[in-house]
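Here's a quick briefing to read with the sequence and the 3D view open. Take a look around first, then work through the points.

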Amino acid sequence: MRRYGKNTDEDDIRVRPSGRSRPRTHRRPLHEDAVEGFVVTVDRGRLTCLVEDRTVVAMKARELGRKGVVVGDRVAIVGDHSGRPDTLARIVRVEERRSVLRRTADDQDPFERVVVANADQLAIVTSLADPEPRPRLIDRCLVGAFDAALDPLLILTKSDLASPEALLESYGTIGVRHVVTSAESFDEATLGRVRELLKDRVTAFVGHSGVGKTTLVNALIPDRARATGHVNEVTGRGRHTTTSALALPLPGDPGWVIDTPGVRSFGLNHVDPARVVLAFPDLEPGTAGCPRSCSHDEEGCALDAWVAEGHADPARLYSLRRLLATRERREGD
């Protein structure tokens with residue numbers, strides 16, 4: 001179809017102006033009217049934030065690009081931050097993080113995932129039975145904690161089903177703080193010890209599915225109970241009931257608990273292999289006698305003599321070398 005008639009002249013033809021009608025600029029708005037928020041959960045692109053004493057639902061502003069926003073982030077929010085139903089604000093800035101806990105799916109996965117931001121300590125929750133404890137996973141979480149500069153805390157659950165002595169011999173003697181709890185019920189004395197360790201801090205809870213992590217969180221914060229699952233009697237594995245991380249305030253205390261989904265693995269692809277030994281404070285002093293650039297799994301490694309002299313448990317050296325071996329396979333791929 002013709003836009004112009006047969007007898008048109010120059011005045012009838014519309015000419016686009018040269019250049020763009022709205023020149024681009026690298027200057028971004030300062031958003032001086034933005035309010036500060038604390039991200040408490042993320043669900044399918046919607047971020048629930050705490051702004052003063054109200055809950056605000058927000059989404060990332062386009063100007064953030066691919067920058068991720070995770071639970072624990074301090075953010076700047078504009079738009080409707082009244083917290084009224086059916087309102088949506090925008091997150092325009094993520095403040096500098098003081099700590100970042102990361103993990104990968106496995107040691108071959110090149111894509112790291114930020115678990116939480118701005119935490120102070122990592123509570124590693126493991127059951128003594130049903131399911132059985134996994135020392136290798138504990139060691140991996142310890143490496144992640146040390147890499148993120150978080151204080152580790154070991155919480156042993158279900159002590160009425162098995163003795164904690166074996167694990168405490170491995171971890172209690174190396175300066176890792178710990179607390180022992182029972183299975184499905186928590187007396188006030190036990191909860192009091194846990195609360196004291198969480199006081200005035202932001203603590204991320206991690207653990208294998210079915211170890212009682214969310215059950216403990218529910219006992220600490222009963223008015224915000226989350227769904228809990230059970231352990232499969234055939235596989236010995238727990239069922240995932242926590243599907244997204246959630247930050248919860250401790251009653252009567254400025255501390256926060258961040259409950260995270262159960263993990264089956266804690267990949268360390270993002271951690272420099274030279275830093276892995278720092279998560280083994282019982283072994284690290286023994287490396288002083290190692291040859292230059294020692295892999296800690298070769299002839300002449302001083303750790304063999306260090307362990308033989310009784311300075312550390314042989315199982316700890318075995319765990320260290322297992323971790324380093326997986327990293328070496330990755331480097332050789």
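What follows is a short tour, from the whole chain down to single residues.

This is a predicted model, so local features need pLDDT of at least 70 and side-chain atom pairs count only at pLDDT 80 or more, while totals for chains, interfaces and linings use all residues. Residues are numbered from 1 along each chain as its sequence is written, and side-chain values use heavy atoms, with hydrogens and water left out.

**The whole chain**

- The chain has seven helices and 13 strands; these are DSSP runs numbered from the N terminus, with helices being H or I of at least four residues and strands E of at least two.
- Of the 333 residues, 45% are buried. Buried means under 20% relative accessible area, exposed means over 50%, and partly exposed is in between (1.4 Å probe, protein chains only).
- Take the contacts (heavy atoms within 4.5 Å) with a separation of 6 or more: 64% of them are between residues 24 or more positions apart.
- The accessible surface is about 18,900 Å², and 47% of that belongs to carbon and sulfur atoms. Areas like this come from the Shrake-Rupley method with a 1.4 Å probe; for residues, only the protein chains shown count as cover.

**The cavity**

- Rolling a probe the size of a water molecule over the atoms shows where empty space is left.
- The structure holds one cavity of 30 Å³ or more. A cavity is a set of points, on a 1 Å grid over the protein atoms alone, where a 1.4 Å probe fits but cannot get out; lining residues have an atom within 4 Å of a point.
- The largest cavity has a volume of about 80 Å³, where volume is the space filled by probe spheres set on the points, and grid points are joined across faces, edges and corners.
- It has 14 lining residues, and V125, T126, R134, L137 and H208 are the closest to its centre.
- β8 (121-127) and α1 (135-147) each give two or more residues to this lining, with β8 giving the largest share, four residues.

**Helix α3**

- Which residues of helix α3 (residues 188-198) are buried? They are T190, L191, V194, L197 and L198.
- The buried residues of α3 pack against several elements, including β9 (151-157), β10 (177-180) and β11 (202-207).
- T190 counts as buried because its relative accessibility is 8%. Beyond its neighbours within four places in sequence, T190 is in contact with V180 and T181.

- Most residues other than glycine have a negative phi, and most peptide bonds are trans.
- D130 and P131 are joined by a cis peptide bond, with omega about 5 degrees, and P131 is in the loop between β8 and α1.
- E52, in the loop between β2 (46-51) and β3 (54-60), has a positive phi near 55 degrees.
- A149 has a positive phi too, near 60 degrees, and its place is in the loop between α1 and β9.
- R98 is in the loop between β5 (89-94) and β6 (100-103), and is exposed at 54% relative accessible area.
- Leaving aside neighbours within four places in sequence, R98 is in contact with N118, D120 and V202.

Methods. 1 Å grid on protein atoms, 1.4 Å probe; cavity = no way out; pocket = protein on both sides within 12 Å on 5 of 7 lines; lining within 4 Å.
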